[in-house]
Amino acid sequence: MFSKRVPSHLARNRLTEALDARRAAGQPIVDLTLSNPTRAGFDYPPDLLAPLADPDALTYDPRPFGSLDARRAVAREYERHGIVVSPDRLVLTASTSDAYSLLFKLLTDPGDEILVPRPSYPLIDHLTRLDAVDARPYDLEYYGAWTIDFATVERAFTDRTRAVLVVTPNNPTGSFIKRDELDRLAALCAGRTDVAIVADEVFADYELEPGAARAAGRVSSRRDVLSFALGGLSKSVGLPQVKLGWIAAAGPDSLVDAALARLELICDTYLSVSTPAQVAAAALLDRGAAVRAQIAARVGTNYRWLASKSEASSCTCRRAEGGWYAVLEVPSLEPEEDLVVRLLIKDGVLTHPGYFFDFHHASFLVVSLLTPEAAFADGVERILRHFDCSASDRASGGEPPRETEE
Ligand SMILES: Cc1ncc(COP(=O)(O)O)c(C=O)c1O
């Protein structure tokens with residue numbers, strides 16, 4: 001009866017079950033998976049959302065790409081990054097996820113393929129599947145910094161490839177695409193007339209390494225390949241509940257015009273962006289800078305703390321250049337799923353296993369740098385202690401701690 005776009009197995013995984021059991025038993029959890037900025041203890045001005053009540057929103061004036069004022073406000077966001085984007089080439093969306101869906105409708109037919117980075121965040125699998133698109137991975141590899149493995153990009157191309165997705169900075173690796181990498185990717189795409197680049201830049205405001213954002217390649221100024229940059233309020237000002245994102249189109253003029261004409265029809269069909277969000281966009285982007293500054297300070301502090309604390313341990317913090325997440329390479333003593341369940345039950349700390357993000361070997365943990373500093377330090381210390389104990393247990397021939405020991 002049901003579409004194959006939704007997986008037939010909706011069973012919960014062992015980590016979710018262990019989490020529910022722990023919550024039901026009222027046991028404390030140090031949550032290093034927090035991704036909701038509105039629940040991370042930031043100081044949101046109580047009247048921050050007042051612009052949503054602007055009386056101008058009492059009039060419905062539907063426009064497929066959103067109001068010009070809101071698109072001008074988004075263009076000013078690009079100016080902050082030193083990038084000139086014309087409001088004519090901006091399309092408002094209800095979120096970045098919504099933007100993905102619109103672009104998949106624009107670029108693909110069922111069964112067409114999008115090349116996606118691996119590792120990357122699990123939502124991409126759902127987003128592609130829900131639009132009947134096949135996601136084919138290409139690899140990011142790590143040699144002291146993450147880079148694109150271009151041999152895997154070339155191998156992943158088929159005659160059904162319609163776009164290459166880059167997430168910059170990537171979730172969870174924290175790597176920005178470098179200018180030379182983007183040039184190389186663009187050359188590969190430009191050589192095939194029907195392949196676009198989609199760049200998810202939702203975390204572009206959050207640098208963990210000074211200068212990394214400025215040094216990154218940005219698709220919004222490209223002239224050679226049809227390209228789309230995605231952004232949104234959910235990350236740029238920590239307001240996911242407002243539901244406002246955008247697409248910035250770039251590339252050869254004739255292709256951009258053809259793409260926008262079609263996108264206009266798609267957007268006009270749904271008109272999914274709320275009027276209050278559009279009316280409030282300029283004010284929210286402006287006032288939200290105060291939230292962004294708090295988020296940036298916290299993710300930076302947590303990342304530096306993790307990097308220095310893990311130096312003297314058996315775990316390695318992989319270098320991240322931006323974003324809200326960090327990757328910890330940990331001793332491979334058991335399957336990752338067993339590990340994250342054990343960390344939760346025995347040490348009371350919740351983390352994401354690397355396999356959620358499709359790391360191609362074990363063992364990795366992904367931790368959220370959004371976590372309030374004290375909880376973050378507590379959670380990381382629990383992880384590091386877990387491995388120091390586990391490592392010495394193994395060295396002395398002892399068994400790893402059992403889940404029932406708690
Ligand atoms: C890289 C990336 N892109 C997009 C999204 C979704 O953003 P939005 O809330 O705008 O749909 C997320 C959510 O975590 C993300 O990590």
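1. Is Ile383 buried or exposed? At 0% relative accessibility, Ile383 counts as buried; here buried means under 20% relative accessible area, exposed over 50%, and partly exposed in between, with a 1.4 Å probe and protein chains only. The residue sits in helix H13 (residues 373-395); helices (H or I, at least four residues) and strands (E, at least two) are DSSP runs, numbered from the N terminus. Not counting residues up to four places away in sequence, Ile383 touches Leu32, Leu328, Leu343, Val349, Thr351, Leu365 and Val367, where contact means heavy atoms within 4.5 Å. Between the C-alpha atoms of Ile383 and Asp139, which are 244 residues apart along the chain, the separation is 27 Å.

2. On the basis of the values: this is a predicted model, in which local features need pLDDT of at least 70 and side-chain atom pairs count only at pLDDT 80 or more, while totals for chains, interfaces and linings use all residues. Residues are numbered from 1 along each chain as its sequence is written, and side-chain values use heavy atoms, with hydrogens and water left out.

3. On the core: the largest nonpolar core has 124 residues, and Phe228 and Leu263 are those with the most contacts inside it. A nonpolar core is a set of buried Ala, Val, Leu, Ile, Met, Phe, Trp, Tyr and Cys residues joined through side-chain atoms within 4.5 Å. Helix H3 (residues 96-107) provides the largest share of this core, seven residues. Among the residues that Phe228 touches, beyond those up to four places away in sequence, are Leu103, Leu106 and Leu107, together with Ile197, Val198, Val219 and Ile247.

4. On the ligand shell: the residues around the ligand are Ser95, Thr96, Ser97, Tyr121, Val167, Asn171, Asp200, Val202, Phe203, Ser234 and Lys235, a residue being near a molecule if one of its heavy atoms lies within 4 Å of it. This shell divides into four nonpolar, five polar and two charged residues. In that scheme Ala, Val, Leu, Ile, Met, Phe, Trp, Tyr, Cys and Pro count as nonpolar, Asp, Glu, Lys and Arg as charged, and the others, Gly among them, as polar. H3 and helix H8 (233-236) each supply at least two residues of the shell.

5. For Ser97, a polar side-chain atom lies 2.8 Å from a ligand oxygen atom, and for Asn171 the corresponding distance is 2.9 Å. Of the 400 Å² of accessible area that the ligand has on its own, the protein covers 87%; accessible areas come from the Shrake-Rupley method with a 1.4 Å probe, and for residues only the protein chains shown count as cover.

6. On Ser363: the peptide bond from Ala362 to Ser363 is cis, with omega near 0 degrees. Ser363 is found in the loop between strand E13 (352-353) and strand E14 (364-368), and counts as buried because its relative accessibility is 1%. The side chain of Ser363 makes a polar contact with the side chain of Ser332 (2.8 Å). A polar contact is a pair of N or O atoms within 3.5 Å; within protein, one must be able to donate a hydrogen and the other to accept it, and residues adjacent in sequence count only if both atoms are side-chain atoms. Leaving aside neighbours within four places in sequence, Ser363 is in contact with Leu328, Glu329, Val330, Pro331, Ser332, Glu334 and Glu336.

7. On another cis bond: Arg118 and Pro119 are joined by a cis peptide bond, with omega about 0 degrees. Pro119 has its place in the loop between strand E3 (113-118) and helix H4 (123-130).

8. On positive phi: Ala132, a residue other than glycine, has phi near 60 degrees and lies in the loop between H4 and strand E4 (134-142). Phi of Lys243 is likewise positive, near 60 degrees. Lys243 is placed in the loop between H8 and strand E9 (245-250), and counts as partly exposed because its relative accessibility is 43%.

9. On Pro110: this residue lies in the loop between H3 and E3 and is exposed, with a relative accessible area of 58%. Beyond its neighbours within four places in sequence, Pro110 is in contact with Ala132 and Arg160.
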